[in-house]
2 protein chains.
Amino acid sequence: MKKIINDPKRVVEESVAGFGRAHADLVRVELEPVHVVRADAPIAGKVGLVSGGGSGHEPLHAGYVGFGMLDAAVPGAVFTSPTPDPILAATKAVDGGAGVLHIVKNYTGDVLNFETAAELAAMDGITVRAVVTDDDVAVKDSLYTAGRRGVAGTVLVEKIAGAAAERGDSLDEVADLAERVNANARSMGLALTACVVPHAGEPSFDLAEDEIEIGIGIHGEPGRERVGLEPADRLVDRLLEPILEDLPFGEGDRVLLFVNGMGGTPQVELYLAYRRADEVLRERGISVERSLVGNYITALEMQGMSITLLKLDDEMIELWDAPVQTAALRWGR
Amino acid sequence: MKKIINDPKRVVEESVAGFGRAHADLVRVELEPVHVVRADAPIAGKVGLVSGGGSGHEPLHAGYVGFGMLDAAVPGAVFTSPTPDPILAATKAVDGGAGVLHIVKNYTGDVLNFETAAELAAMDGITVRAVVTDDDVAVKDSLYTAGRRGVAGTVLVEKIAGAAAERGDSLDEVADLAERVNANARSMGLALTACVVPHAGEPSFDLAEDEIEIGIGIHGEPGRERVGLEPADRLVDRLLEPILEDLPFGEGDRVLLFVNGMGGTPQVELYLAYRRADEVLRERGISVERSLVGNYITALEMQGMSITLLKLDDEMIELWDAPVQTAALRWGR
């Protein structure tokens, strides 16, 4: 195992500490228990947004803490759900009296631990609603999930719901909107290589030199099928077809097209894939109104990508465009 | 070779086309010959900034085209200098009558081809000045360079010079400032793995499972030495020591600390490295005033990182903070 780390058991703690120093203008970092809070939290009267999950998916979630997006992020160990304790601490830290929204990717451990934290927060008089994201069309039920997995659509939920909270929407309004975004987002990914969890020290799965896993999860969970080496355009089609059929997306729809890198794929490949995806959508009369291309939700150094489509309405476009100031997404302010 | 590509010979063209579609609000893309131009170029009375070089280092340079940074980028084939023809086309496209600055990384082919393009532009009545970046302290002279190589400091030159051009500085003022930034920037990198150039199809060099190359270039050119697996903190020290000695940086200095990923290294490792670098600088009484952490100048999917220190003055800080709106760097507007 070759990694730029010290002690495998201290990777998350040391990395989050570095994140806090690099972005002291945006966040403060608490290490016992580990959570990352927006520098100016709590904000009186504003709904607080908390997300979290296993580490290894950076910039998700700490990279999205700041103005117009999350109020706190709770990183667990690599690919391991955070316990209720730091989720509760983060929830308390961002409660400005208007309630707190938990944005939870659909993995059994995450869902359970966020639920427990919400119950504990309720005892302290904090109203919590939770939105569980499940945008991955690849598989229903998997190693770590009942139902679909929450993947890259989560980034879009966090951005749009965060903008709604920033403009003063109520907890129910923000939560309903987050659910609407999740309901209109569909994703699917593929992997060319596995990744190595630091405390495991070995690749999380095996993929031969001439194999590609279609429908991979962000922890290397199995997807739909393994295929041989194929041209990029064919791979893009393999991801897009099930996405387009699922909602479904059709002529006249306006979408946000999100091509996400899994961590180890060069940007030149992501834009090459974007080109094909954009072409397919145009052919179908679907209008690409907004785009996002880059490493936004990753699986450590895994080579691969995912494609996400979000069916947009006017409100979502307005909130997507609204100012955001975080380590990983920043515009308009 | 596993890559998300179609024809290895068309990688750059297809990727740049995708980039243009994803960022049509920022740039327009010309494919014959390939160059990327700011959407609103030329801007009358503003100095135009053009950079370029081999592809494979994305987001450098196309990701920095936009308000407050570059006016055009000229991507060559992967790890191959662009020819004078597209450099000339880009120079003409951004000339607003106030002259054009070429920002060139110090590689023999790049320097020659930008010089030729500048001579041709002069025949068309366009005044061109060139700044050659050479911030890499690792080696003097190398496979592709006489003198030091231009690496991550180039991003800082482009940002700060771009802000100066945006506020209306003259060509000489922008060029002198770019030279001052380069003269105050020092970088050094390391690699854990090699990368595969698409049209080559094989790793650009060999690195054993227990070896790390210290002082690597952004094309996998050899560095200073190979070492065994070591803790991250020790690796950071190996990069920082020659950087600190070279300028030198000392007590009371204000710096921008830039930890750059080579493309295949997870963000969690970059922030972990940032933590140690920040710690070392504090111990020496050097004040980290600004930071940048992420994949900003890469070598395809290479695992590794570089550290850059820029000694700041008040003007550089002001220009660093000035609004920028590009695909890869965006704030304040």
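Visitor: Which residues in H4(A) meet which residues in H5(A)?

Guide: On the H4(A) side they are A:Leu156, A:Val157, A:Ile160, A:Ala161, A:Ala164 and A:Ala165, and they meet A:Val174, A:Leu177, A:Ala178, A:Val181 and A:Asn182 in H5(A). By class, that contact has 10 nonpolar, 1 polar and no charged residues. Contact here means heavy atoms within 4.5 Å. Ala, Val, Leu, Ile, Met, Phe, Trp, Tyr, Cys and Pro count as nonpolar, Asp, Glu, Lys and Arg as charged, and the others, Gly among them, as polar.

Visitor: Before going on, what sort of model is this?

Guide: It's a predicted model, where local features need pLDDT of at least 70, side-chain atom pairs count only at pLDDT 80 or more, and totals for chains, interfaces and linings use all residues. Residues are numbered from 1 along each chain as its sequence is written, chains are lettered from A and ligands numbered from 1 in the order in which they are written, and side-chain values use heavy atoms, with hydrogens and water left out.

Visitor: What makes H4(A) roughly antiparallel or roughly parallel to H5(A)?

Guide: The angle decides. Helix H4 (residues 153-166) of chain A packs on helix H5 (residues 171-183) of chain A at about 155°, with the axes 9 Å apart. That angle makes H4(A) roughly antiparallel to H5(A). The rule is that angles under 35 degrees count as roughly parallel, over 145 as roughly antiparallel, 65 to 115 as roughly perpendicular and the rest as oblique. Axes are lines fitted to C-alpha atoms, for helices over the stretch in contact, and angles run from 0 to 180 degrees between N-to-C directions. The helices themselves are DSSP runs (H or I, at least four residues), as are strands (E, at least two), numbered from the N terminus.

Visitor: Is the crossing of H2(A) and H3(A) left-handed or right-handed, and what is their angle called?

Guide: The crossing of H2(A) and H3(A) is right-handed. A crossing gets that name if the near helix is turned clockwise from the far one by less than a right angle, and left-handed if anticlockwise. As for the angle, the axes of helix H2 (residues 84-94) of chain A and helix H3 (residues 108-123) of chain A come within 8 Å and cross at roughly 50°. That makes H2(A) oblique to H3(A). A:Pro84, A:Ile87, A:Leu88 and A:Thr91 of H2(A) are in the contact, with A:Asn113, A:Phe114, A:Thr116, A:Ala117, A:Leu120 and A:Ala121 of H3(A). The class tally is 7 nonpolar, 3 polar and no charged residues.

Visitor: Over in chain B, why is H6(B) called oblique to H7(B)?

Guide: Helix H6 (residues 232-246) of chain B and helix H7 (residues 267-283) of chain B pack at about 50°, axes 9 Å apart. Hence H6(B) is oblique to H7(B). H6(B) passes H7(B) in a right-handed crossing. Their contact has 9 nonpolar, no polar and 4 charged residues.

Visitor: How do you know how much area chain A and chain B bury between them?

Guide: Buried area is the accessible area (1.4 Å probe) that two parts lose on being put together, summed over both. For chain A and chain B the figure is about 4,900 Å², 59% of it on carbon and sulfur atoms. In chain A, the residues losing the most area to chain B are A:Lys2, A:Ile4 and A:Arg21, together 19% of what that side buries. By contact, 58 residues of chain A touch 58 residues of chain B.

Visitor: What are the domains of chain A, and where do their bounds come from?

Guide: Chain A is divided into domain 1 (10-184) and domain 2 (185-323). The bounds come from an automatic or database domain assignment. Between the two domains, about 3,400 Å² is buried, with 63% from carbon and sulfur atoms. Their centres, taken over C-alpha atoms, are separated by 22 Å.
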